Amino acid sequence: MNQPHHAVAAWRAAGEAGDANAAVAALSPEVTLLSPITEQFAFQVRNLLEVALAAIDGITYTDQVAEGRTVALFYEAHVGGRRLYEAQRLRLDADGLIAEITLFVRPLPALTQLMTKLGPELARRNKQPGLARLIPLAAGMLHSMANTGEQQIMPRAAPR
């Protein structure tokens with residue numbers, strides 16, 4: 001199936017512009033988002049996009065691979081000054097809109113940094129101020145461990 005991917009082009013442009021409203025316009029009303037952080041719940045995609053696009057700087061899509069109604073996108077960006085790489089698997093519905101988004105983020109310290117930025121704001125939007133205060137503590141510990149591993153431990157394991 002060789003169909004144009006207009007929604008994917010709109011999604012890419014919206015991501016690079018940091019425009020959550022334009023990104024939402026490329027989505028099916030029944031869109032599901034599979035998080036790189038948890039499988040415990042589904043996100044309200046508009047809220048997540050607003051918070052994520054405010055936290056992630058300089059999204060630049062570098063690659064796109066498509067087969068039928070499945071598209072893989074890859075971008076580079078920064079979160080809190082740290083380089084972030086994301087792969088997105090997009091599945092399109094019969095109308096060509098994005099019906100499913102699966103996200104993969106690396107390296108681990110970038111993912112944990114993103115957690116510290118997204119979690120509190122998503123909890124506030126969900127009217128959970130206590131959780132908004134707790135998430136930075138828990139995510140901060142994870143980020144500290146991931147950061148220490150990347151900067152102090154993994155360099156010692158590098159091939160010589």
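Here is a quick walk through a predicted model, starting with its sheet and moving out to the helices.

## The sheet

Five strands make up an open sheet with mixed pairing, and their order is E1-E5-E4-E3-E2. E1 and E2 sit at the edges, each pairing on one side only. From one strand to the next, the twist averages 25°.

At the E1 end, E1 runs parallel to strand E5 (residues 98–106), with four bridges between them. Look for Leu27 there, opposite Ile98 in E5.

## The E2–E3 hairpin

The hairpin has two residues between its strands, and Gly68 takes a positive phi near 60°.

## Helix H3, mostly under cover

How many residues of helix H3 are buried? Eight of the eleven in this helix (residues 45–55) are, among them Val45, Asn47, Leu48 and Val51. The buried residues of H3 pack against helix H1 (6–17), helix H2 (20–25) and helix H4 (108–125), as well as against E1, E2 and E3.

## A nonpolar patch outside

Leu131, Leu134 and Leu137 together make a nonpolar surface patch of about 280 Å². Leu137 belongs to helix H5 (residues 129–153). Is Leu137 buried or exposed? It counts as exposed because its relative accessibility is 57%, and the cut-off for exposed is over 50%.

Notes:
Residues numbered from 1 in each chain as written. Predicted model: local features only at pLDDT ≥ 70, side-chain atom pairs only at ≥ 80, totals over all residues. Heavy atoms only, no water. Pairing = 2+ DSSP bridges. Patch = residues over 30% accessible without salt bridge, like charges linked within 9 Å, V, L, I, M, F, W, Y side chains within 5 Å. Areas by Shrake-Rupley, 256 points an atom, 1.4 Å probe, with all protein chains shown as cover. Salt bridge = Lys/Arg side-chain N within 4 Å of Asp/Glu carboxyl O. Buried < 20%, exposed > 50% of the residue type's maximum accessible area, 1.4 Å probe, protein only. Contact = heavy atoms within 4.5 Å. Axes fitted to C-alpha atoms, helices over the stretch in contact; angles between N-to-C directions.
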